[in-house]
Amino acid sequence: SVDTSHAAAGAISQQNPIIPNIIHQVWRSNDTSTYSTVLDASRDSWVAMFEPLNYTVKLWTDDDIATLVKTKYSWLQSTFEGYPQNIQRADIARLLVVHAEGGIYADLDVYPTSSEQIHCLQQRGLQAIFAPTGGTAGLSTHFFMASRGSAFLQWALYEAKRRGGASSRRIFLPYLQVFWSTGPLMLTAAFRKYAWLYGTLRHDL
């Protein structure tokens with residue numbers, strides 16, 4: 001379930017931002033029954049709670065993401081296709097779909113508990129809101145929201161591009177390679193740089 005009580009841990013201010021009523025999820029195909037053998041994908045829960053409130057719940061497949069990268073983010077295509085692990089592409093896909101259209105991203109194991117809380121977060125006048133990770137790794141992308149074309153998400157994508165390719169392959173532990181190149185370590189580093197340069201809130205998470 002979504003705990004929104006700490007969701008503003010990494011919050012970026014923006015004048016009059018609009019976080020649209022779109023909920024994005026990502027999976028290999030349209031068949032989310034293949035997501036897990038022990039856990040039902042959360043898509044039906046999001047649809048049931050939010051579509052009656054005039055939200056769009058959108059599922060992006062691997063083919064959809066590949067088309068998005070080729071048509072709108074060609075500068076990132078070689079890095080995206082060159083990642084050695086699928087989880088790295090999944091990490092970047094989350095940022096891409098929200099940057100492209102704005103809205104809310106939720107992993108398929110994230111379940112909504114309160115439409116009112118989520119709507120309240122959308123109205124806080126921020127261009128991006130991220131939840132913290134469970135440990136001390138910084139910001140997480142399992143649930144976040146942002147305005148369309150968010151300057152911070154663009155900054156984070158540039159940071160991912162900078163960390164892609166040969167530089168990430170110098171890290172031998174696969175899980176650390178993911179965390180550093182596309183995961184919480186990359187996102188948190190991007191947030192700190194962005195906050196320091198633009199004086200946005202605090203950068204000591």
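Me: At roughly what angle do the axes of α2 and α3 cross?

Reply: The axes cross at roughly 135° and come within 6 Å of each other. An axis here is a line fitted to C-alpha atoms, for helices over the stretch in contact, with angles running from 0 to 180 degrees between N-to-C directions. Helices (H or I, at least four residues) and strands (E, at least two) are DSSP runs, numbered from the N terminus. This is a predicted model, in which local features need pLDDT of at least 70 and side-chain atom pairs count only at pLDDT 80 or more, while totals for chains, interfaces and linings use all residues. Residues are numbered from 1 along each chain as its sequence is written, and side-chain values use heavy atoms, with hydrogens and water left out.

Me: Why are α2 and α3 called oblique to each other?

Reply: Angles under 35 degrees count as roughly parallel, over 145 as roughly antiparallel, 65 to 115 as roughly perpendicular, and the rest as oblique. The crossing is at roughly 135°, so α2 and α3 are oblique.

Me: Which residues of α2 and α3 meet?

Reply: From α2 come I65, V69, K70 and K72, and from α3 come S74, W75, Q77, F80 and E81. Contact means heavy atoms within 4.5 Å. The contact of α2 with α3 divides into four nonpolar, two polar and three charged residues. Ala, Val, Leu, Ile, Met, Phe, Trp, Tyr, Cys and Pro count as nonpolar, Asp, Glu, Lys and Arg as charged, and the others, Gly among them, as polar.

Me: What makes R94 and D107 a salt bridge?

Reply: The term requires a side-chain nitrogen of Lys or Arg within 4 Å of a carboxyl oxygen of Asp or Glu. The closest N and O atoms of R94 and D107 are 3.2 Å apart, and the pair forms a salt bridge. R94 lies in helix α4 and D107 in the loop between β4 (103-106) and α5 (115-122), so the pair ties together parts 13 residues apart in sequence. The structure holds six salt bridges.

Me: Which element gives the most to the lining of the largest pocket?

Reply: α4 does, with six residues. The lining has 12 nonpolar, one polar and six charged residues.

Me: Which element gives the largest share of the lining of the second largest pocket?

Reply: β6 does, with four residues. By class, this lining has six nonpolar, four polar and three charged residues. A pocket is an open set of points on a 1 Å grid over the protein atoms alone, where a 1.4 Å probe fits, with protein on both sides within 12 Å along at least five of seven lines; lining residues have an atom within 4 Å of a point.
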